[in-house]
Amino acid sequence: MDREFLSLERELTVLLRRARASQGEMAREVHPDLESSAYGLLIRLEECGGQRATALAAYIGVGKATMSRQLRALEELGLVAREPDPADGRAWLVALTPEGRRRVGRVREARRARYVRQLAHWDRGEVAELARLLHELNGVMERHEK
């Protein structure tokens with residue numbers, strides 16, 4: 001059994017190394033001055049819409065000061081804007097600007113096209129199975145983080 005987990009650890013290490021490098025490339029494609037770590041924040045906003053800064057900080061796993069710095073930089077780049085929270089007039093939501101949505105959408109579409117090219121020889125069922133297993137793994141890891 002140890003051999004299987006050693007193999008899993010090795011393959012995940014390679015995958016994560018490649019993902020970090022890819023995230024940096026995608027961040028630069030969104031905007032040349034975008035920090036690599038902010039790319040995931042933009043993806044979260046694209047997928048979930050406006051979010052409070054505290055919710056974003058909790059999701060990304062950073063403190064309020066780090067989140068404030070990242071959001072300020074994203075605002076300066078014109079990728080996000082703050083808007084009043086309709087559920088609580090005292091709070092603000094952070095959302096993608098139309099330009100931010102356009103840039104993130106373009107990069108994500110290019111990334112999906114790259115996956116299609118790289119995995120063209122795979123059966124669609126294998127791609128679906130890989131996605132299912134990664135989703136399951138992410139769920140297990142998320143539950144253990146809490």
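Helix α5 (residues 98-118) comprises 21 residues and reaches 30 Å from its first C-alpha to its last, close to the 30 Å expected at 1.5 Å a residue. The expected span is 1.5 Å times one less than the number of residues. Helices (H or I, at least four residues) and strands (E, at least two) are DSSP runs, numbered from the N terminus. The model is predicted: local features need pLDDT of at least 70, side-chain atom pairs count only at pLDDT 80 or more, and totals for chains, interfaces and linings use all residues. Residues are numbered from 1 along each chain as its sequence is written, and side-chain values use heavy atoms, with hydrogens and water left out.

G100, V104, V107 and R108 of α5 are buried. Buried means under 20% relative accessible area, exposed over 50%, and partly exposed in between (1.4 Å probe, protein chains only). Seen down the axis of α5, the buried residues fall within an arc of 100°, so they line one face of the helix. The arc is taken from the directions from the helix axis to the C-beta atoms. The face turned away from the buried side of α5 carries the exposed residues P98, V116 and R117. Cover for the buried residues of α5 includes α1 (2-30), α2 (39-48) and β2 (88-96).

Helix α1 has 29 residues, which should span 42 Å at 1.5 Å a residue; its end C-alpha atoms are 41 Å apart, which agrees. S22, G24, M26, A27 and V30 are buried in α1. These buried residues pack against α2 and α5, where contact means heavy atoms within 4.5 Å.

The largest pocket has a volume of about 2500 Å³. Of its 42 lining residues, A19, R111, Y115, L134 and N138 are the closest to its centre. The elements giving two or more residues to the lining are α1, α2, α3 (53-60), α5 and α6 (124-145). Helix α6 gives the most, with twelve residues. A pocket is an open set of points on a 1 Å grid over the protein atoms alone, where a 1.4 Å probe fits, with protein on both sides within 12 Å along at least five of seven lines; lining residues have an atom within 4 Å of a point. Grid points are joined across faces, edges and corners, and the volume is the space filled by probe spheres set on them.

The protein chain holds six helices and two strands, in the order α-α-α-α-β-β-α-α from the N terminus. Of its 146 residues, 24% count as buried.
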